[in-house]
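Please work through the following exercises with the sequence and the three-dimensional structure at hand.

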Amino acid sequence: MNAFKKTVAIAVMMVVSFSVFAFGPGNLPTVPNGWALKETYTNVRIYQKGTEESYVQVIDVLYGGRIDMVQPGQQYGSWGSYPKFSRYSLDTMWNNVSNTAVSIVNGQFFNSGVNPTYLSFGIRDDWSILTYGQDKTYNVTLPLKQLDFIPNFGVIIQQPSTDASLNSAYGSHSIVGLDRKEDRSSGYKVGRMYLCAPIPASPSKYLLIMNLRASTEANANSLLDSWGCYDSRTVMMDGSGSSQLRTRGGTQMYGTSNPWTGSADKRTLPEVIAVYNY
């Protein structure tokens with residue numbers, strides 16, 4: 001789609017979809033009981049649930065909060081095919097982002113048994129296809145979901161996600177993941193990560209990111225529901241030991257892949273999502 005058509009399309013969407021965002025006090029998603037503000041920036045707020053290692057970031061996209069896909073280790077392949085990526089520690093990834101970043105979190109699924117590795121599903125980065133994903137159907141029973149990020153406008157959730165929908169996405173950045181009903185060690189307390197468009201409109205002016213150190217899927221779904229992140233508004237991203245978070249304020253979280261000991265393996269990652277205040 002050329003730039004003119006994309007501009008016209010987004011303008012039409014603004015007329016049709018820019019409804020009243022009265023979702024909570026101060027026009028923010030309502031904060032559920034038990035969650036407290038941990039870090040605050042102009043367009044990003046980070047909450048923690050009690051003393052648990054459970055975190056939610058609320059990003060005001062309309063007023064300038066933004067994200068970026070960070071993958072410093074592309075090794076082989078061409079853009080848009082199946083490139084491989086070297087994996088790095090969370091600390092190394094943090095050093096690869098601008099010092100204006102508010103946080104970084106894990107992103108796309110990948111094969112944790114090899115390095116460099118493929119990314120499992122699609123990513124669109126700075127308006128270009130990074131990869132369509134190397135194993136889009138492996139162990140997947142429900143249609144894939146796609147989150148499209150439109151700078152200074154909002155986020156859209158699409159289902160099903162296809163190569164065509166990734167190509168035609170309106171946003172500068174898109175990432176493909178799973179339906180939150182997909183079974184991923186559902187009964188075990190392991191790390192989990194989700195992206196959500198909590199406002200019941202399309203696009204949502206807010207992006208919500210949830211990282212949990214150790215949770216069953218049932219507990220995670222209950223927490224998501226409490227934030228307004230129902231299934232139709234939520235994309236499941238990589239979890240277990242991949243669920244990781246680091247913030248400018250010093251918070252670090254490493255998801256567990258061992259539900260019996262609760263230990264974190266601090267696995268290396270091929271790709272992260274950086275969150276910026278503007």
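The model is predicted: local features need pLDDT of at least 70, side-chain atom pairs count only at pLDDT 80 or more, and totals for chains, interfaces and linings use all residues. Residues are numbered from 1 along each chain as its sequence is written, and side-chain values use heavy atoms, with hydrogens and water left out.

**Exercise 1. Determine the strand order of the six-stranded sheet and identify its edges.**

Step 1. Elements are DSSP runs numbered from the N terminus, helices being H or I of at least four residues and strands E of at least two. Two strands pair if DSSP finds at least two bridges between them.

Step 2. The order is E1-E2-E3-E15-E14-E16, in an open sheet with antiparallel pairing.

Step 3. Strand E1 (35-40) and strand E16 (234-237) each have a single partner strand, so one side of each lacks a neighbour in the sheet. From one strand to the next, the twist averages 20°.

Step 4. Inside the sheet, strand E3 (residues 54-60) and strand E15 (residues 206-215) run antiparallel and are joined by seven bridges. Opposite Val-58 stands Leu-208 in E15.

Step 5. Helix H4 (residues 217-226) packs on this sheet, where it touches E1, E2, E14, E15 and E16; contact means heavy atoms within 4.5 Å. The direction of H4 makes about 150° with that of E15. Axes are lines fitted to C-alpha atoms, for helices over the stretch in contact, and angles run from 0 to 180 degrees between N-to-C directions.

**Exercise 2. Characterise the largest pocket.**

Step 1. On a 1 Å grid over the protein atoms alone, a pocket is an open set of points with protein on both sides within 12 Å along at least five of seven lines, whereas a cavity is a set where a 1.4 Å probe fits but cannot get out; lining residues have an atom within 4 Å of a point.

Step 2. The volume of the largest pocket is about 550 Å³, a volume being the space filled by probe spheres set on the grid points, which are joined across faces, edges and corners.

Step 3. Among the 27 lining residues, Phe-109, Phe-110, Arg-184, Asp-238 and Gly-239 are closest to the centre. E14 gives the most to the lining, with five residues.

**Exercise 3. Which geometry does the aromatic pair of Trp-35 and Trp-227 have?**

Step 1. Rings of Phe, Tyr and Trp (its six-membered ring) pair if their centres lie within 6.5 Å; planes under 30 degrees apart count as stacked, over 60 as edge-to-face and the rest as tilted.

Step 2. Trp-35 and Trp-227 lie 5.5 Å apart centre to centre, with 80° between the planes, and the pair is edge-to-face.

Step 3. The two residues are 192 residues apart, Trp-35 in strand E1 and Trp-227 in the loop between H4 and E16.
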